[in-house]
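Please read it alongside the sequence and coordinates.

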Amino acid sequence: MRGVTGDHYFTAEPSEATAGAERTVEFAAGGHEFRLRAAGGVFSAGRLDPGTAVLLRKATLPGPDTTGDLLDLGCGYGPIACVLATVAPRATVHAVDVNARARALAAVNGEPLGVRVSAPEEVAESVRFAQIWSNPPFRVGKTELHALLGRWLERLTPDGVAWLVAGRHLGGDSLHKWLVDEGWQVTRQASQKGFRVLRVARN
């Protein structure tokens, strides 16, 4: 996802030249239909990303009785956060992204559902997450990706779980191994269309 100015979806302040006209992304997940606003300069602005679609289809979505804090890490315009807030209305859903345009769109999409949208540094250190959901930004590079995941996974509650989706061609299997080497309990929940869905918990 790279714009004409060299912007990426993980660019903090994407250029206005990459925005283009806003568009609507439609998809179904968890038994609900969604219509979300998106724009250029954010991740997969033209459609629901295939990896995200696999994650929402194959991971175990929270239920209506789920409580606590849930995190959509690297939220983009907010599809995962909006699904979580819809299927688990009693939970507090946080959506975090470094991209200011993504946060603005996620706020518009998630506001009716009570989603809390923040830059990473704006999330209070005291918050611990019962669940973390992410389609991680592999294109930032392995070193930065590992630092990102390591930092946020440490904020899981003792019995918390993270759901990650990773393209096999982007290093999904090596990510699995790295997580295990770091001491996490990792289960490959599913493989579909070249994507791995990983369930991560504390040992």
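The points below describe a predicted model, grouped by topic. The structure holds seven salt bridges, while a search of the whole structure finds zero disulfides.

- Strand β7 spans residues 156–167, and ten of its twelve residues are buried.
- β6, helix α4 (residues 142–153) and β7 together form a β-α-β unit that is right-handed.

**Salt bridges**

- E154 and R202 form a salt bridge whose closest N and O atoms are 3.8 Å apart. E154 sits in the loop between α4 and β7 and R202 in strand β9, so this pair ties together parts 48 residues apart in sequence.
- E154 is partly exposed at 48% relative accessibility, and R202 is partly exposed at 29%.
- D173 and R188 form a salt bridge, with 3.1 Å between the closest N and O atoms. Because D173 belongs to helix α5 (residues 172–181) and R188 to strand β8 (residues 184–192), the pair links parts that are 15 residues apart in sequence.
- D173 is partly exposed, with a relative accessible area of 34%; R188 is also partly exposed, at 40%.
- D181 and K177 meet through their side chains in a salt bridge of 2.9 Å, N to O. Both residues lie in helix α5, four residues apart, which is about one turn of the helix, and both are exposed.

- C75 takes part in no disulfide, and the nearest cysteine sulfur, that of C82, is 9.1 Å away.
- A disulfide requires sulfur atoms within 2.5 Å, so the 9.1 Å from C82 to C75 is too far for a bond.
- C75 is buried at 4% relative accessibility, and C82 is buried at 1%.

**S118 in strand β5**

- S118 lies in strand β5 (residues 116–118) and is buried, with a relative accessible area of 13%.
- Apart from neighbours within four places in sequence, S118 is in contact with A95, V96, D97, R103 and V123.

How values were computed: Residues numbered from 1 in each chain as written. Predicted model: local features only at pLDDT ≥ 70, side-chain atom pairs only at ≥ 80, totals over all residues. Heavy atoms only, no water. Buried < 20%, exposed > 50% of the residue type's maximum accessible area, 1.4 Å probe, protein only. Helix = DSSP H or I, 4+ residues; strand = E, 2+ residues; numbered from the N terminus. Contact = heavy atoms within 4.5 Å. Right-handed = clockwise from strand over helix to strand, strands pointing away. Salt bridge = Lys/Arg side-chain N within 4 Å of Asp/Glu carboxyl O.
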